[in-house]
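Let's take a look at a protein model and see which side chains pair up. Have the sequence and the 3D view ready, and follow along.

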Amino acid sequence: MTSTSHAPTAGAPAAPASKGSGGPLSRLPMPSLRVQKGIALANVIAQIGIMTTGVTVRVTASGLGCETWPRCNQDSFVPVPGAGPAIHQAIEFGNRLLTFVLVAVATALILAVFRAGRRTELKMLALAMPLGIVAQAIIGGITVLAGLVWWTVALHLLPSMLLAWVAAVLYVRIGEDDTAPPKRVVPRPLAWLTALSAVLLAGVLATGTMVTGAGPHAGDARIEAADRLQLPIQWLVHFHAELMIGYVCLLIGLLAGLVALRTEGPAIRRCAILIGLIAAQAVIGITQYQLGVPEILVVAHVTLAGAITAGTGALWAAGVIRDRIPASAVR
């Protein structure tokens with residue numbers, strides 16, 4: 001038995017019976033709320049996962065394992081024996097292949113949201129995912145064709161963080177009742193703090209890419225020193241750390257305000273989890289700097305940055321909620 005995800009809460013008007021039906025999509029099975037949320041969660045994981053594979057490409061010096069784009073090399077779309085180190089080709093090509101996984105998950109999400117007849121906000125968020133993925137693939141191609149110049153690598157990472165943020169918002173919103181009116185549960189002054197936290201996070205991420213641009217991992221052994229960021233890495237590390245301290249202090253103040261006002265909904269829990277993730281990130285960041293930036297810690301650092309970005313999106317989405325879908329609507 002299936003159920004649409006827009007099952008009304010008590011006292012809310014029922015959605016029209018024809019909603020989500022008609023046209024080619026009507027031939028698809030009606031996705032339950034559990035299916036929709038499962039696909040949305042897979043979307044979040046996939047967006048963070050491609051950051052993990054992307055940074056793995058960089059720290060293994062496989063950035064030019066496929067030396068051109070959209071082909072892997074001048075003669076083939078796939079790796080060719082002898083065209084370069086096999087391991088570097090495999091790592092870079094594997095990262096490219098993951099893009100198709102992201103597109104498949106995003107497509108499934110669009111089909112589920114449209115088939116279930118969800119509200120316009122969810123449809124727009126779902127449509128944004130494949131558009132962002134295609135744009136990100138093009139930026140990745142430019143990065144390769146430009147020879148991994150540091151600022152192109154930075155531009156390649158930051159859109160992935162934005163997609164993780166959007167994916168997290170969509171995951172939260174998809175579990176809400178479409179028929180319930182929006183309700184602000186976080187007071188407006190604290191909502192401004194939540195928005196400011198996203199701004200500070202953007203600064204943390206941008207300076208993080210600058211640290212990488214001046215650091216030891218160029219992405220390929222053939223990268224010229226002139227293509228690296230010509231700034232002292234010690235300055236960049238301290239600037240990056242200070243922004244992170246400001247970010248976590250703001251979140252601590254936000255958490256205190258949410259607790260003092262006994263805010264309803266998931267905002268308090270999400271804020272506390274986010275602070276815990278940032279504390280773990282700080283430990284990893286300090287450790288990797290003291291140990292000379294070992295590859296495994298760089299991978300962990302970027303992966304956790306993606307999780308923190310998604311967590312910030314989920315926290316932002318907690319400010320205005322609709323009544324949650326009743327448990328009886330999940331089949």
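## A pair to start with

Glu-121 and Arg-119 join their side chains in a salt bridge, with 3.1 Å from N to O. (A salt bridge here is a side-chain nitrogen of Lys or Arg within 4 Å of a carboxyl oxygen of Asp or Glu.) Glu-121 is partly exposed at 31% relative accessibility, while Arg-119 is buried, its relative accessible area being 8%. Those words have cut-offs: buried is under 20% relative accessible area, exposed is over 50%, and partly exposed is in between, using a 1.4 Å probe and protein chains only.

Before going on, keep in mind that this is a predicted model, where local features need pLDDT of at least 70 and side-chain atom pairs count only at pLDDT 80 or more, while totals for chains, interfaces and linings use all residues. Residues are numbered from 1 along each chain as its sequence is written, and side-chain values use heavy atoms, with hydrogens and water left out.

## Bridges across the chain

Arg-119 also has a salt bridge with Glu-176, at 3.0 Å from N to O. This pair links distant parts of the chain, 57 residues apart: Glu-176 sits in the loop between helix H4 (150-173) and strand S1 (183-184), and Arg-119 in the loop between helix H2 (86-115) and helix H3 (120-145). Both Glu-176 and Arg-119 are buried. (Helices, H or I with at least four residues, and strands, E with at least two, are DSSP runs numbered from the N terminus.)

Now for Asp-323 and Lys-183, whose salt bridge has its closest N and O atoms 3.8 Å apart. They are 140 residues apart, with Asp-323 in the segment after strand S2 (320-321) and Lys-183 in strand S1. Asp-323 is partly exposed at 37%, and Lys-183 is partly exposed at 33%.

How many salt bridges does the structure hold? There are nine.

Search the whole structure for aromatic pairs and you get one. The ring centres of Trp-165 and Trp-316 are 5.2 Å apart and their planes are at 45 degrees, so the pair is tilted. (Rings of Phe, Tyr and Trp, using the six-membered ring of Trp, pair if their centres lie within 6.5 Å; planes under 30 degrees apart are stacked, over 60 edge-to-face, and the rest tilted.)

Trp-165 is in helix H4 and Trp-316 in helix H8 (residues 295-317), so the pair ties together parts 151 residues apart in sequence. Trp-316 is partly exposed, at 37% relative accessible area.
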